[in-house]
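Please read the points below alongside the coordinates.

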Amino acid sequence: MTTPAPTYFSDLVVEFLHQQDIDTVVFNPGASFRGVHDSLVHADNTAIAPQIVMACHEEIAVAIAHGYHKASGRHMGVLVHANVGLLHASMAVFNAWCDRVPLFVLGGNGPVDAGKRRPWIDWIHTSQNIESVVKDYVKWCDQPIGQRATVESLTRAFKLMNTPMHAPVFVALDFDTQEQPLEEGVRLYPATATEPTRLPPLDQQTVEDLAGRLLAARTPVLVVDFSGRDPETVAPLVALAEAFGLAVVDRGNRLNFPSTHPLNISHTGTDLVVDADLVIALEVQDLVGALGSFLPLTDQGLPVNGADIVTIGFNDLLTSKWAADYQQFVPVTRSVAADTRASLDALRAVAEDPAGPFTTPDFIERRDRRAAALADAHIRARADWARQAEESKQREHIHVAGAVDEIHRAVRDEEWVLTNTGSLTVDGWVKKLWPLERPGSYLGLNGGGGLGYGLGASVGAALAHRDTDALCIDLQSDGDFLYTPSALWTLAAQQAPLLVVVMNNRLYLNSTQHAERIAGNRDRDIDRAHIATSFYDNPVDFVTMARSYGIHALPRVEKIGDVAPTVSEAVRHLKAHQGPVLVEILMD
């Protein structure tokens, strides 16, 4: 079918989205991008028009695109309405920034030409430097005026967001420019113009230096954090760890390394690596937090024992002047910016060289002895976690460890994808009890540490998996849920195949814990810690709420013995009807 020539500039914007393989856009409607909206819904060739997902709030829209990309590696376009929409979206953009997720956010604005503004509404919804709302936590932003300038900005933004380090971008589309007839000679750049700039692998000198350090190290540790954003890195990373006999600490912002692998000592508390003399940190964001999880540190974040630290990644290529998400500075031994997958291949080639030092009997004996000790610590830790979960099931009220274990028991035979784990408490038990092994089966936390991410991101992940056999599961904390409950509307409207399990403790738990801590420090009554941190006096009925949006919801679970049967019933319904289901669990 021949694609009709664009008539208006907004038609060319839609053509650009298609050119860049954006097959879906998400937004809460607004007049400032009505030109693009019209072009989306009236495209003469529906094959080029991205599908539209409507959200009830811009924070939800951005979170949907966030989860969609983490689940699939594909982009969903996001449109936000003028300054008011961008202000609503800003928290979710910050989450994506901290989570290092590339989002293509387009906003309406203007008309910047004051002579073309309608009375009142166009004036309050027009901003000079509208991008200033998010400029300190996007990789690049622009407010182009005119058709040629806008084409260039769209192209540059798309290229930059996909160039390491990945991050959101924002381009404001002038109200008037969108609605103008397409000017003669205005056209898109070739599709290849947005190809990202590539980083090289480790250079030969660095490879040789690292090989020497690995050969000499008594206790080498590999710390990983974001490398699993590319699922293709997981298998090479496992092979590398096995070849060198590395203890692996997974900080878990993605599924970087199988949680059940015997070299994975994350969360084990083992003292086997307390004297680590070499640490290789691969795409690690919080280096002090990572090192401090197994090494005594100085106040400068350096290992007390003087261990060498080598970092490989992109962190230094993207630093905000506003947010301190770059974390505490650590003066490392060596810092290298290089492509992760290619670097793993270069190191594996050294490890597996039949004529090299890593295939000698002496090294193999040292490696295997070290690996056996790590495996023993790993097995003992996992057995202890399983024991704690079983013991928690004897409590009167449902404990998070028991609930997480029972939920897994109900879905263990499915090809599940954890789209969200809701809170650090739930996330910690998931990492201890669930076999996180398949690349892409765990999507990590929200990045920014705020609330309002989980449900929207899970909708996006479920949309990404709509045509797969994956069972998408959102382990959803109640407090986060209540920031964006209208995401249920989009979930129902799209019939996205998602199992939402609300872990309802009727608390903002972290705030309650802080209230208890400060009261205890001041020798005050900690029983008042629930005041203005709990929902005890006016509890939320999530089952009724879900049903009001048209979501199938099962009766609330209040006993540990009912968790697995109820979740199993929910899975059967989801698979039979290909639509979303909600289960609420009343927690301790």
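The numbered points that follow go through the model topic by topic.

1. Basis. This is a predicted model, in which local features need pLDDT of at least 70 and side-chain atom pairs count only at pLDDT 80 or more, while totals for chains, interfaces and linings use all residues. Residues are numbered from 1 along each chain as its sequence is written, and side-chain values use heavy atoms, with hydrogens and water left out.

2. Second largest pocket. The space in this pocket comes to about 940 Å³. A pocket here is an open set of points on a 1 Å grid over the protein atoms alone, with protein on both sides within 12 Å along at least five of seven lines; a cavity is a set of points where a 1.4 Å probe fits but cannot get out, and lining residues have an atom within 4 Å of a point. Grid points are joined across faces, edges and corners, and a volume is the space filled by probe spheres set on the points.

3. Lining of that pocket. There are 39 lining residues, and those nearest the centre of the second largest pocket are Asn162, His166, Arg198, Arg229 and Asp230. Helix H3 (58-72) and helix H11 (340-351) are the elements that give two or more residues to this lining, and H3 gives the most, with four residues. Helices (H or I, at least four residues) and strands (E, at least two) are DSSP runs, numbered from the N terminus. By class the lining of the second largest pocket has 13 nonpolar, 15 polar and 11 charged residues. In this scheme Ala, Val, Leu, Ile, Met, Phe, Trp, Tyr, Cys and Pro are nonpolar, Asp, Glu, Lys and Arg are charged, and the others, Gly among them, are polar.

4. Largest cavity. Two cavities of 30 Å³ or more are counted. The largest cavity holds about 150 Å³ of space. Its lining has 16 residues, with Ser259, Asn264, Ser266, His267 and Lys431 nearest the centre. Helix H12 (residues 361-392) supplies the largest share of this lining, three residues. The lining of the largest cavity divides into five nonpolar, seven polar and four charged residues.

5. Second largest cavity. What lines the second largest cavity? Leu214, Leu222, Leu240, Phe244, Leu246, Ile280, Leu282, Ile312, Ser343, Leu344 and Leu347 do. Helix H9 (234-244), strand S9 (278-282) and H11 each give two or more of these residues, with the largest share, three residues, coming from H11. The classes are 10 nonpolar, one polar and no charged. The volume of the second largest cavity is about 70 Å³.

6. Cysteines. The structure holds zero disulfides, a disulfide being a pair of cysteine sulfur atoms within 2.5 Å. For cysteine 98 the nearest cysteine sulfur, that of cysteine 141, is 16 Å away. Cysteine 98 has 6% relative accessibility and so counts as buried; cysteine 472, at 1%, is likewise buried. Buried means under 20% relative accessible area, exposed over 50%, and partly exposed in between (1.4 Å probe, protein chains only).

7. Methionine 165 lies in the loop between helix H6 (147-161) and strand S6 (169-174).

8. Positive phi. Alanine 82, a residue other than glycine, has a positive phi near 50°. Alanine 82 lies in helix H4 (residues 82-98) and is buried, with a relative accessible area of 1%. Glutamine 327 has a positive phi near 70° and is partly exposed at 31%.

9. Glutamate 183. This residue lies in the loop between helix H7 (175-179) and helix H8 (204-216). Is glutamate 183 buried or partly exposed? At 35% relative accessibility, glutamate 183 counts as partly exposed. A polar contact of 3.5 Å joins the side chains of glutamate 183 and arginine 148. A polar contact is a pair of N or O atoms within 3.5 Å; within protein, one must be able to donate a hydrogen and the other to accept it, and residues adjacent in sequence count only if both atoms are side-chain atoms.
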